[in-house]
Amino acid sequence: MPPARPRKLAKVPFVELADGRVQGVVSSGSDIGRVYVSSVAASTYEFSCSTNNNRPCGGARGMFCNHILALINESTLQYGAERVARYLRVEVPEPTAQAISQTMGATRPSQGDSTAAASVFSQFLRHLAYLEFEASTAPVPELQWFPSTRAAVV
Ligand SMILES: [Zn+2]
């Protein structure tokens, strides 16, 4: 499905509304080799955020971290804010990413465990594997989150 509005895939390469959650993969702001698997559950707004090696996110202690905020923001670009609000069961008069995040945050949601992270991450890898590209020497936006320096280092 084409995004409702253009997204920056480098920041949030994968986001989906699935399994009763907004969930996805968010690039680390500081370490280009690391990604976070973040999710927020519908109704309870129970959230979780951990790295791809299943380490807990230091920012997600008692409140939404920046990865979760980025995930919600990107989900509204991908699916439209109204659909995201409806999916999460957030009652806001005029849904925006900020209003949705604030409304959920105000309920002081609890932090869930990271059991979902492995399945979210494998969904993401499957999603990447299904992408088909025409042979091209031009930059591929879907792959821009991959650290380009990695190949040189290894
Ligand atoms: Zn986080």
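Biologist: Among contacts in the protein chain between residues at least 6 apart in sequence, what percentage join residues at least 24 apart?
Modeller: This is a predicted model, in which local features need pLDDT of at least 70, side-chain atom pairs count only at pLDDT 80 or more, and totals for chains, interfaces and linings use all residues. Residues are numbered from 1 along each chain as its sequence is written. Two residues are in contact if their C-beta atoms, placed from the backbone, lie within 7 Å. Among such contacts between residues at least 6 apart in the protein chain, the share that joins residues at least 24 apart is 55%.

Biologist: Which pattern does the protein chain follow, read along the sequence?
Modeller: Helices (H or I, at least four residues) and strands (E, at least two) are DSSP runs, numbered from the N terminus. On that basis the secondary structure of the protein chain comes to five helices and four strands. Read along the sequence, the pattern is β-β-β-β-α-α-α-α-α.

Biologist: What does the twist average from one strand to the next?
Modeller: Strands pair if DSSP finds at least two bridges between them, and the open sheet here has four strands in the order S1-S2-S3-S4 with antiparallel pairing. S1 and S4 are the edge strands, each pairing on one side only. Angles run from 0 to 180 degrees between N-to-C directions, with axes as lines fitted to C-alpha atoms, for helices over the stretch in contact. From one strand to the next, the twist averages 10 degrees.

Biologist: How many residues of S2 are buried?
Modeller: A residue is buried if 20 or more other C-beta atoms lie within 10 Å of its own, exposed if 12 or fewer, and partly exposed in between, with C-beta atoms placed from the backbone. Arg21, Gln23, Val25 and Ser27 point one way from S2, while Val22, Gly24 and Val26 point the other way. In a regular strand, side chains alternate between the two faces of the sheet. S2 is mostly covered, and the number of its seven residues that are buried is seven.

Biologist: In S3, which residue is the bridge partner of Val26?
Modeller: S2 and S3 run antiparallel and are joined by seven bridges. In one of these strand contacts, Val25 has Val37 of S3 as its bridge partner. For Val26, the partner in S3 is Tyr36.

Biologist: Which residue in the turn between S3 and S4 has a positive phi?
Modeller: S3 (residues 35-41) is antiparallel to S4, and five bridges join them; Tyr36 stands opposite Thr51 in S4. The two strands form a hairpin with five residues between them, and the turn residue with a positive phi, of about 75 degrees, is Ser43.

Biologist: How many of the 14 residues of H1 are buried?
Modeller: H1 lies across S1, S2, S3 and S4, running at about 110 degrees to S2. The buried residues of H1, including Ile68, Leu71 and Ile72, pack against S1, S2, S3, S4, H2 and H3. H1 is mostly covered, and of its 14 residues the buried number is eleven.

Biologist: How far apart are the axes of H1 and H2?
Modeller: H1 (residues 66-79) and H2 (residues 81-88) pack at an angle of about 120 degrees. That makes H1 oblique to H2, since angles under 35 degrees count as roughly parallel, over 145 as roughly antiparallel, 65 to 115 as roughly perpendicular and the rest as oblique. Ser75, Thr76 and Tyr79 in H1 meet Ala81, Arg83 and Val84 in H2. The distance between the two axes is 7 Å.
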